[in-house]
Amino acid sequence: MKCPFCGHVEDKVVDSRLRREGDAIRRRRECLSCQRRFTTHERVEDILPMVIKKDSRREPFDRKKIMDGVVRACEKRSVSMDTIESIVDRIERKFQDRMEKEIRSQEIGEEVMKALHETDDVAYVRFASVYRSFKDLNDFMNELEEILKLRDQEKNKTADDKEAVL
């Protein structure tokens, strides 16, 4: 590992720790030339698919783009960063597990919307309004009505389940 201070390429590992999630190792290193310490992070290099955009361009899968979109949708909501990271982890893992070379950006957007719908209705509507490019207030109202209809169905199902238990 090249020392960020003097550029020397030989160092020794002073300490290694597994990250909480178990997906990376944090290493403290000491340069054998200048004796300064620095930190590196090692993780398995994932083989991620190419994303086919709406205009047919292809670009590498970018976890950060998903994270940015979810964070923006959840802004000023009571959604923790742990929950947001969990959503992004699940989406990334899902597409990684499929082991396909290419995926459509629409599939990613639909997965994000599904996860946000389960997490926070306001974040879901925020994301959907950008993702689905609502043209006017009617499109927006149709989406809200759909959410309310689903919420009512869930309430009715819960009530029916309680009655069945009694």
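Mentor: Let's start with a term: a disulfide is a pair of cysteine sulfur atoms within 2.5 Å. This is a predicted model, where local features need pLDDT of at least 70, side-chain atom pairs count only at pLDDT 80 or more, and totals for chains, interfaces and linings use all residues. Residues are numbered from 1 along each chain as its sequence is written, and side-chain values use heavy atoms, with hydrogens and water left out.

Trainee: How many disulfides does the structure hold?

Mentor: Take C31 to begin with: its closest cysteine sulfur, in C6, is 3.5 Å away, too far for a bond. For C34, the closest cysteine sulfur is in C31, at 3.8 Å, again too far for a bond. The number of disulfides in the structure is 0.

Trainee: Is C34 buried, partly exposed or exposed?

Mentor: Buried means under 20% relative accessible area, exposed over 50%, and partly exposed in between (1.4 Å probe, protein chains only). C31, at 0%, is buried. With a relative accessible area of 27%, C34 is partly exposed.

Trainee: How are α1 and α2 oriented to each other?

Mentor: Helices here are DSSP runs (H or I, at least four residues), numbered from the N terminus. Helix α1 (residues 63–73) packs on helix α2 (residues 81–97) at about 140 degrees, the angle running from 0 to 180 degrees between N-to-C directions of axes fitted to C-alpha atoms over the stretch in contact. Angles under 35 degrees count as roughly parallel, over 145 as roughly antiparallel, 65 to 115 as roughly perpendicular and the rest as oblique. The two helices, α1 and α2, are therefore oblique.
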